[in-house]
Amino acid sequence: MKQVLIGLLLLMGSQLYAQSKYSVRGTIKDKNNGETVIGATVYLEGTGIGTITNEYGFFSLTAPAGSYELVVSYIGYEEMRTQVDLSSNQTLNFEVAESRTALEEVVITADETEKINIREPQMGVATLKASTIKQMPAVLGEVDVIKSIQMLPGVTQNGEGSGGFHVRGGAADQNLVLLDEAIIYNTSHFFGFFSVFNPDAIKDIKLYKGDMPAKFGGRVSSVLDVRQKDGNSKNFGLTGGIGVISSRLTAEGPLFNKKGSFLVAGRSSYAHLFTPAIEEIKDDKVSFYDLNLKANYEIDKNNRIYLSGYFGRDVFNISNFVENNYGNFSGNLRWNHVFNDRLFSNLSVIYSRYDYQVVLDFVKLDWIADINNQHLKYDLKYYANDSFKLDFGVSGILYQLNPGEVRPTTESSAINFLKLDQKRAFEGGAYVSAEHKLSERLTARYGLRYSTFSRLGGQNITSYENNQPVVYNEELGIYEEGEAIGETSYKKGESIKKFGNLEPRVGLAYQLNENSSVKASYTRSAQYLHLLSNTTSVTPIDVWTPSGSYTKPQLSNQYAVGYYKKFKDNAFSLEVEAYYKDIENRIDYVDGSDLIGNNNIETEILNGEARAYGLEVLLRKNKGKFTGWLAYTLSKSEQRSLGGNAGGPGINDGNWYNTPYDRTHDFSLTGAYKLNDKWTFSTNMVFQTGRPVTYPNGQYEYEDLSIASYSDRNSDRLPAYHRLDVSAIYRPNRKPDKRWKGEWVFGIYNLYNRRNAASISFNQNTDTGQNESTRLSIFGIIPSVTYNFKF
């Protein structure tokens with residue numbers, strides 16, 4: 001018996017030794033500038049053990065004890081190999097150098113992070129690098145993050161000159177836009193002509209089209225996660241560009257004896273400097289500016305802090321008749337901490353603010369409004385082993401929403417002072433998510449997010465008869481404001497209404513072979529903020545409002561399946577995804593709604609539901625002289641608003657109707673051709689089904705007035721939208737040892753001068769009495785030239 005026990009103990013000891021595992025962790029950086037590398041592949045040669053670097057360039061691998069060859073791979077950079085003896089936990093940091101082949105040959109490749117990942121269960125995600133965006137043609141010569149992602153399947157615009165973007169049939173307010181984790185509420189400059197993202201300050205852009213990781217919450221359509229550069233920690237440098245409408249300049253360099261770095265990027269338009277020379281618009285002013293700031297410091301090998309900020313503003317003045325200025329401000333202090341070889345954490349303290357002001361000089365009115373939030377979040381990632389990784393964390397956001405304050409600008413003004421009720425709310429969240437390699441072919445990602453929302457006091461809430469803020473007038477056939485019967489006063493900090501929701505997220509990836517896989521996902525998400533606007537695109541004076549007594553949170557379920565394949569050694573890739581999404585409590589506005597300056601907005605809206613479904617195809621060419629992609633989306637986006645508690649038939653008699661973001665067909669082609677070291681040519685081609693609109697279908701006379709009657713809501717469409725853009729980049733001869741590098745970018749937006757309709761309005765000619773339609777177009781053909789430089 002004793003011998004048997006000794007044998008068992010020896011066997012167990014040998015098994016424990018065989019199962020001993022150790023970790024190697026570290027950070028991957030660019031050798032040239034010290035920037036951390038996102039999405040680099042790190043693996044152990046001859047094993048199935050590997051990972052990719054996170055948003056901070058960090059990686060961790062765990063493997064059985066033994067000797068291995070560790071490989072670091074990133075497209076466009078020299079592959080690195082080193083021998084590691086895993087007899088203990090180790091820290092290995094790498095600096096990857098740009099490939100000489102990539103510099104010398106007339107062959108370009110798509111960035112590693114832009115390619116599809118066959119094994120990863122994440123789907124519905126698109127990644128673009130700043131270098132890719134800079135090759136694409138853009139309006140007025142200004143490359144643009146928002147315009148670039150609109151070339152991807154499932155992402156559309158709302159017409160030229162419109163702000164925001166729409167993902168899989170969703171509204172603009174259903175997108176969570178983050179700049180270094182800070183919420184950006186308005187992404188537009190020049191009323192949508194440009195975005196707030198300066199491409200010289202941006203390192204990585206990732207768009208989640210519905211299959212959102214559990215760490216994200218608060219929106220039901222998508223997450224746009226934009227990361228700024230950290231700054232060059234090796235050498236001081238300048239980057240900039242001089243364009244037709246605006247110019248930009250970025251300075252970056254090392255700090256604290258190269259233990260840190262900084263980045264300062266400024267951009268400003270100067271069209272207002274030339275308007276005085278043009279008689280027709282000499283008193284008009286249109287301008288914008290933005291400023292990106294970032295600094296970081298490495299305390300020790302386990303701790304690094306980051307401080308980043310953004311400031312941006314637009315000013316629009318027409319002959320001192322109407323003035324509008326608006327802007328975003330954000331700041332973020334982050335602390336990265338590595339507890340051990342397997343546990344990484346990030347603590348962030350974030351502040352965001354969006355405000356706008358409208359001055360109507362002709363009526364002596366000044367209107368200001370803003371939204372502020374303070375955000376605390378703590379995210380952790382645990383690298384248990386090669387087959388199991390765990391993300392978990394908590395967050396809290398305190399909102400303060402000032403929907404409007406109206407002031408008279410002079411004592412003689414007929415305008416009375418009015419301050420709408422300030423709204424306050426708190427949103428909390430906790431999540432856990434696992435990525436689990438179940439077998440050699442099957443990988444799962446599953447997680448759960450629990451979100452809470454509390455509408456806080458400090459205001460009076462109106463009560464209505466029969467709890468009906470909106471009632472249906474059967475005699476007139478219209479919805480009207482319900483009868484107010486009193487008010488309830490709530491103190492600051494007191495809860496008016498509370499909500500809580502579980503948000504499960506599940507994804508599966510089954511690898512058919514080395515080059516193809518199928519995936520499926522389910523995502524449930526909740527949104528507690530609503531954008532109040534009865535226009536078809538984002539405007540500076542849109543009002544955000546929190547969920548509360550009469551407005552429920554939006555709840556979304558999205559189901560998706562996909563097929564993914566790589567061809568010819570990853571020279572080509574194909575992604576095909578189908579999705580179905582339903583949304584509860586999507587609000588819409590009653591006919592003739594008045595949203596501006598309304599303290600009881602619940603009297604203008606009806607709760608309803610929405611649904612969207614579609615098929616997306618993305619074909620990429622990743623290698624060779626010509627690279628690019630072809631994207632096609634076939635989709636449908638509808639909503640329905642029943643009378644509910646208000647009574648009546650609802651909007652469109654309770655039938656489903658097109659959302660303003662419905663596009664049956666959306667086709668885009670993006671390509672770049674590198675002729676040689678001096679010349680690169682690129683093109684965009686876009687075709688979209690026209691936007692849904694509501695046209696009049698008749699008229700009647702009432703007291704000598706001609707009054708139009710209208711068709712069902714969004715039952716008509718604008719003409720199809722299409723255009724072709726081209727650009728050419730010329731890089732003069734560059735000497736390898738010359739620090740100054742310049743390039744000329746020549747572009748033509750809308751090459752064949754298509755006059756796409758932004759809107760069509762109908763009026764009666766006062767002279768002839770005939771009905772007329774007027775088509776408004778924003779852009780025709782627009783040539784541009786920009787000089788970019790780097791020092």
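**Reading contacts in a predicted model**

Q: What kind of contact do the side chains of Asp225 and Arg227 meet in?
A: The side chains of Asp225 and Arg227 form a salt bridge, with 3.4 Å from N to O. The term means that a side-chain nitrogen of Lys or Arg lies within 4 Å of a carboxyl oxygen of Asp or Glu. The structure is a predicted model, in which local features need pLDDT of at least 70 and side-chain atom pairs count only at pLDDT 80 or more, while totals for chains, interfaces and linings use all residues. Residues are numbered from 1 along each chain as its sequence is written, and side-chain values use heavy atoms, with hydrogens and water left out.

Q: Is Asp225 buried or exposed?
A: Relative accessible area decides this: buried is under 20%, exposed is over 50%, and partly exposed is in between (1.4 Å probe, protein chains only). Asp225 has a value of 3% and is buried. Arg227 counts as buried too, at 7% relative accessibility.

Q: How many salt bridges does the rule give?
A: The count comes to 38 salt bridges. One of them joins the side chains of Asp200 and Arg248, at 2.7 Å from N to O.

Q: Which parts of the chain does the pair of Asp200 and Arg248 tie together?
A: Strands and helices are read as DSSP runs, numbered from the N terminus (helices are H or I with at least four residues, strands are E with at least two). Asp200 is in the loop between strand 16 (194–195) and strand 17 (202–208), and Arg248 is in strand 20 (residues 246–255), so the pair ties together parts 48 residues apart in sequence. Asp200 is buried at 3% relative accessibility, and Arg248 is buried at 9%.

Q: Where do Lys381 and Asp391 lie?
A: The side chains of these two residues, Lys381 and Asp391, meet in a salt bridge of 3.0 Å, N to O. Lys381 is in strand 26 (residues 365–385) and Asp391 in strand 27 (residues 388–408); the pair links distant parts of the chain, 10 residues apart. Lys381 is buried, with a relative accessible area of 18%, whereas Asp391 counts as partly exposed at 23%.

Q: Which residues are linked in a network of salt bridges?
A: Salt bridges link Glu35, Asp180, Lys203, Asp230, Lys294 and Arg334 in a network.

Q: How many aromatic pairs does the structure hold?
A: Rings of Phe, Tyr and Trp (its six-membered ring) pair if their centres lie within 6.5 Å; planes under 30 degrees apart count as stacked, over 60 as edge-to-face, and the rest as tilted. The structure holds 26 aromatic pairs. Among them is the tilted pair of Tyr74 and Tyr77, with 5.4 Å centre to centre and 50 degrees between the planes. Tyr74 is buried at 8% relative accessibility, and Tyr77 is partly exposed at 22%. The pair of Trp740 and Phe791 has ring centres 6.3 Å apart and planes at 50 degrees, so this pair is tilted.

Q: Which parts does the pair of Trp740 and Phe791 tie together?
A: Trp740 is in the loop between strand 51 (721–730) and strand 52 (741–749), and Phe791 is in the segment after strand 55 (782–790), so the pair ties together parts 51 residues apart in sequence. Trp740 is partly exposed at 39% relative accessibility, and Phe791 is partly exposed at 35%. Ring pairs join Trp740, Trp744, Phe746, Tyr787, Phe789 and Phe791 into a cluster.

Q: Which residue lies over the face of Trp656?
A: A charge sits over a ring if NZ of Lys or CZ of Arg is within 6 Å of the ring centre and within 35 degrees of the ring normal. Arg611 lies over the face of Trp656, 3.9 Å from the ring centre. Lys519 lies over the face of Tyr564, at 4.6 Å.

Q: Which members of the largest nonpolar core touch the most other members?
A: In soluble globular proteins, nonpolar side chains tend to be buried together. A nonpolar core is a set of buried Ala, Val, Leu, Ile, Met, Phe, Trp, Tyr and Cys residues joined through side-chain atoms within 4.5 Å. The largest one has 35 residues, of which Tyr185, Val223, Tyr356, Ile371, Tyr399 and Trp544 touch the most other members. Strands that each supply at least two residues of this core include strand 13 (175–179), strand 25 (343–360) and strand 40 (572–589). Apart from this core lies another, of 32 residues, including Met136, Leu207, Val226 and Tyr721.

Q: Where does Asn585 lie?
A: Asn585 lies in strand 40. Asn585 has a positive phi of about 65 degrees although it is not a glycine, and Asn585 is buried, with a relative accessible area of 15%.
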